[in-house]
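Welcome, and thanks for taking a look at this one.

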Amino acid sequence: MSQMQDLIICEYCDTVYHRAPLLKHQRALCQRCGGVLYRHRSLTIEQRLALSVTGGVLLVFANYYPVMTIGMQGLTHSATLWDAVQILSHGSITFIALVMALSIIFAPLLQIALLCWVLSFALAGQRAPGFALCMRGLESLRPWSMLEVCLLGAMVAVIKLAGLLDVIPGIGLLALAALSMLIIHIAGKDIRDLWEQV
C-alpha cells in the first residue's frame, strides 16, 4: 500500500511517476508534457488553518470598511465592496452586479469557509465530512475568485481620480490587498497535497 502512495499520476497526460522528495521552492514536472506534478509542501496544516482564519477576518474588514473615500469641496462619500455591488444592481447592468458579487464576495467567502472546514478536521487528525466534495468545490471556485482583478480596478480608480478629486484609500482597500495575496497563497496554489496530508 505504501508503494501506491509513492506514485503520482500526471493530470494532463496520465504518465505515472514515483514521488521524489523536493527541496524548498522546487516542483516536479512531467517529462512527457511539462505539466506540474506537485510542489514542495511549505505550509503545515496548522499554518494553513491560521492563514485561512486570517483570510476570514480580512474578508470581513474588506466588506465592512470603505475601500475608498472620495471628497470634493467639503463633501465626502465612502464606498465598500458591497456598496459597489448595490450601485451596479440599480441599473441596466444588473447581471454585472451579480457576477461582481459572486467573484469578489461569495467565491472568496466559500473558499475560506471550505478551507477552514477541511483544515479544522485535519488538525484533529480526521477527514472532514464531505471532504471530496469540499476539495472539488475549492478547485471549481478558484477561477471565480477575482479579488486581484477588483484590487487592480480599485488601484486604477484611485490613481485616475486622484488628479480630479480628493481620494483617500480606506482600510477596506488594504484588507482587500492583503486578502488577495493570502488567497493566492493558500487557495490559489496547488491544494491537491491536502488529499495526502489528510
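Predicted model: local features only at pLDDT ≥ 70, side-chain atom pairs only at ≥ 80, totals over all residues.

## Starting at Ala-50

How far apart in space are Ala-50 and Val-60, C-alpha to C-alpha? The answer is 16 Å, for a pair 10 residues apart in sequence.

## The chain as a whole

Stepping back, the protein chain has 8 helices and 7 strands. Its C-alpha trace spans about 70 × 35 × 35 Å along the principal axes. Of the 198 residues, 35% count as buried.

The accessible surface comes to about 12,100 Å², and carbon and sulfur atoms hold 66% of that area. For the charges, there are 13 positive and 11 negative ones in the protein chain, with mean positions 5 Å apart. As for contacts with a separation of 6 or more, 59% of them join residues 24 or more positions apart.

The largest nonpolar core contains 40 residues, and Leu-81, Leu-176 and Leu-179 have the most contacts inside it. Two or more of its residues come from each of these elements: helix H2 (45-64), helix H3 (81-89), helix H4 (94-123), helix H5 (131-141), helix H6 (147-162) and helix H7 (171-188). Helix H4 gives the largest share, with 11 residues.

Which residues does Leu-176 contact, once its neighbours within four places in sequence are left aside? They are Ala-62, Leu-81, Leu-147, Cys-150 and Leu-151. Leu-81, one of these partners, is also among the residues with the most contacts inside the core.

## Segments annotated in the record

An unreviewed UniProt entry lists residues 49-72, 92-123, 144-162 and 168-188 under "transmembrane region". Two of these spans can be set beside the model's geometry.

For residues 49-72, the end C-alpha atoms lie 43 Å apart, and the span is 67% helix and 21% strand. For residues 144-162, the end C-alpha atoms lie 30 Å apart, with 84% helix and 0% strand.

Asp-6 is found in the loop between helix H1 (2-5) and strand S1. With a relative accessible area of 39%, Asp-6 is partly exposed. Not counting residues up to four places away in sequence, Asp-6 touches Tyr-17, His-18 and Arg-19. Asp-6 also lies 8.1 Å from Ala-20, C-alpha to C-alpha, although the two are 14 residues apart in sequence.

Is Asp-14 buried or exposed? Asp-14 is exposed, because its relative accessible area is 56%, and the cut-off for exposed is over 50%. This residue belongs to the loop between strand S1 (7-9) and strand S2 (16-18). Its backbone is worth a look in your viewer: phi of Asp-14 is near 65 degrees, a positive value in a residue other than glycine.

Technical notes: Residues numbered from 1 in each chain as written. Heavy atoms only, no water. Core = buried A, V, L, I, M, F, W, Y, C linked by side-chain atoms within 4.5 Å. Buried < 20%, exposed > 50% of the residue type's maximum accessible area, 1.4 Å probe, protein only. Helix = DSSP H or I, 4+ residues; strand = E, 2+ residues; numbered from the N terminus. Contact = heavy atoms within 4.5 Å. Areas by Shrake-Rupley, 256 points an atom, 1.4 Å probe, with all protein chains shown as cover. Lys, Arg positive; Asp, Glu negative; His and termini not counted. Charge placed at Lys NZ, Arg CZ, Asp CG, Glu CD. UniProt positions renumbered as here; feature names shortened; annotations may be inferred.
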